[in-house]
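Where do charged side chains pair up in this model, and how exposed are the partners? Take a look at the structure, then follow the pairs through it.

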Amino acid sequence: MVLENFEVGIIGAGDMGMLYARRFKQAGYVVNICDTPDKYQELQSKYVSLGLNILRDGYAVSRRSDFIIYSVPAVNIGSVVEKYGRATKVGAIVAGQTSVKTPEIAAFEKHLPDDVHIVTCHSMHGPNIDTKGQPLAIIRHRSDDEHYQMAVEVLGALESRVIYLTFEEHDRITADTQAATHLSFISLGTAWSLQGYHPWLNPQFISGINNVKVAMALRIYASKWHVYAGLAIMNPLAKKQLQCYVQSMTTLYKYMVAGKRSEFRDLVHQAADFIFGRDRSNKKILLEDDILDQLSLSQVPKEQSKPNSHLSLLCAAVCWFKMGMSPYDNLICQTPPFRMWLGIVEYLFCNEDMLEESIETALEDRYTQAEDLVFYTAVTGWGQCIELGSFEGYRERFEKTAEFLSHKLEEGKDLSTMIIKKLTDRNDSA
């Protein structure tokens with residue numbers, strides 16, 4: 001049901017803003033949208049055929065809209081709300097679409113009038129995925145029952161799977177599911193870039209789970225850098241997760257090169273038992289062979305594949321173990337990268353032969369140890385950049401790697417989108 005005489009406003013006409021605008025317009029709502037004033041003419045010529053009300057700025061959107069969504073980078077949320085918040089229509093509902101809610105809520109509380117309602121949200125996926133069936137967090141922060149139900153009704157147009165959270169719960173879960181996941185994928189990309197080779201040409205990246213690594217890393221690097229920078233740097237709860245991943249990587253790599261075989265094995269198996277239990281033969285639930293077999297960007301024949309230590313996956317399990325965290329507890333708010341990440345970790349650890357090959361390769365194969373040194377360096381470099389809170393440093397590192405991988409980014413994004421859709425369809429039919 002569409003609320004009558006109800007207008008939806010979107011401040012920020014980037015990829016996610018336009019995804020929302022299209023869905024709300026398709027549902028039958030009047031949609032007012034703007035970006036920065038210098039893009040007004042460009043937006044008019046590009047999107048007026050969609051039937052959207054293209055307005056000059058956030059003042060115009062805020063004055064007439066009944067439900068206003070700030071779809072701007074997390075790093076800019078404070079300044080944008082400060083600029084346009086005072087123009088908010090009396091009694092309107094205000095939401096944000098940032099991936100970090102603590103600074104967003106702080107901006108709303110500081111700059112919005114007292115006579116507006118705050119019911120914010122977060123579609124926990126990227127703009128290239130249909131909202132239908134994907135997780136959507138709805139967060140009631142300051143609202144009466146009537147306006148809260150109105151917000152839920154409007155957001156229902158997205159046809160997403162709704163999770164109701166507080167903003168503190170949201171930031172804790174996103175830190176647990178996204179911080180180390182993104183660090184792993186972006187570090188893989190940087191390691192390939194530093195070594196000057198593309199993974200689809202390397203025999204170590206042919207098998208199914210390696211193809212998932214490649215496809216998801218490409219997916220991230222095909223996106224906007226600020227999406228991942230905001231989560232890593234601005235989420236106050238992400239730092240502990242990131243530090244643990246870096247420390248776990250350091251411990252594992254030192255055991256590898258120091259020849260501490262028993263310590264390495266013990267740590268990996270302790271993590272495996274903690275997360276997956278001792279009997280893991282029938283544990284695989286996220287990624288099945290029929291999906292993995294469809295994943296391939298490799299230009300190297302499968303029979304020429306070489307063993308891989310899967311150090312990034314071993315480290316993920318050790319990190320969860322050290323934090324005392326079961327990743328399955330957070331599946332309610334899973335993002336596509338996290339589901340893929342947990343899926344390939346699970347696939348490795350629940351295949352005894354594959355896990356043993358991974359451990360032996362890490363401990364015995366000198367070529368693999370040299371490769372993993374570069375990955376270790378990439379992880380620690382990204383960790384330091386995030387620890388320093390350097391958005392500029394993050395952007396430079398991200399864009400340099402994206403440029404190196406540029407000619408495969410769209411293909412990787414399309415492939416990962418296909419797999420994510422298959423997983424979503426499987427969940428819907430389960």
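A salt bridge here is a side-chain nitrogen of Lys or Arg within 4 Å of a carboxyl oxygen of Asp or Glu. Side chains of opposite charge can pair when their charged atoms come close. The model is predicted. It holds 15 salt bridges.

Start with Glu159 and Arg23. They form a salt bridge, and their closest N and O atoms are 2.6 Å apart. This pair links distant parts of the chain, 136 residues apart. Glu159 sits in the loop between α6 (145–155) and β8 (161–165), while Arg23 belongs to helix α1 (residues 15–27). Arg23 counts as buried because its relative accessible area is 12%, under the 20% cut-off. Glu159 has 43% relative accessibility, so it is partly exposed.

Asp176 and Arg172 both lie in helix α7 (residues 167–195). They are 4 residues apart, about one turn of the helix. Their side chains meet in a salt bridge at 3.6 Å, N to O. Asp176 is buried, at 14% relative accessible area. Arg172 is partly exposed, at 41% relative accessibility.

Now move to helix α17 (residues 391–404), where Arg395 and Glu392 are 3 residues apart, so about one helical turn separates them. A salt bridge joins them, with the closest N and O atoms 2.3 Å apart. Arg395 is partly exposed at 23% relative accessibility. Glu392 is also partly exposed, at 41%.

Which residues are linked in a network of salt bridges? They are Arg261, Arg265, Glu356, Glu360 and Glu364.

Technical notes: Residues numbered from 1 in each chain as written. Predicted model: local features only at pLDDT ≥ 70, side-chain atom pairs only at ≥ 80, totals over all residues. Heavy atoms only, no water. Helix = DSSP H or I, 4+ residues; strand = E, 2+ residues; numbered from the N terminus. Buried < 20%, exposed > 50% of the residue type's maximum accessible area, 1.4 Å probe, protein only.
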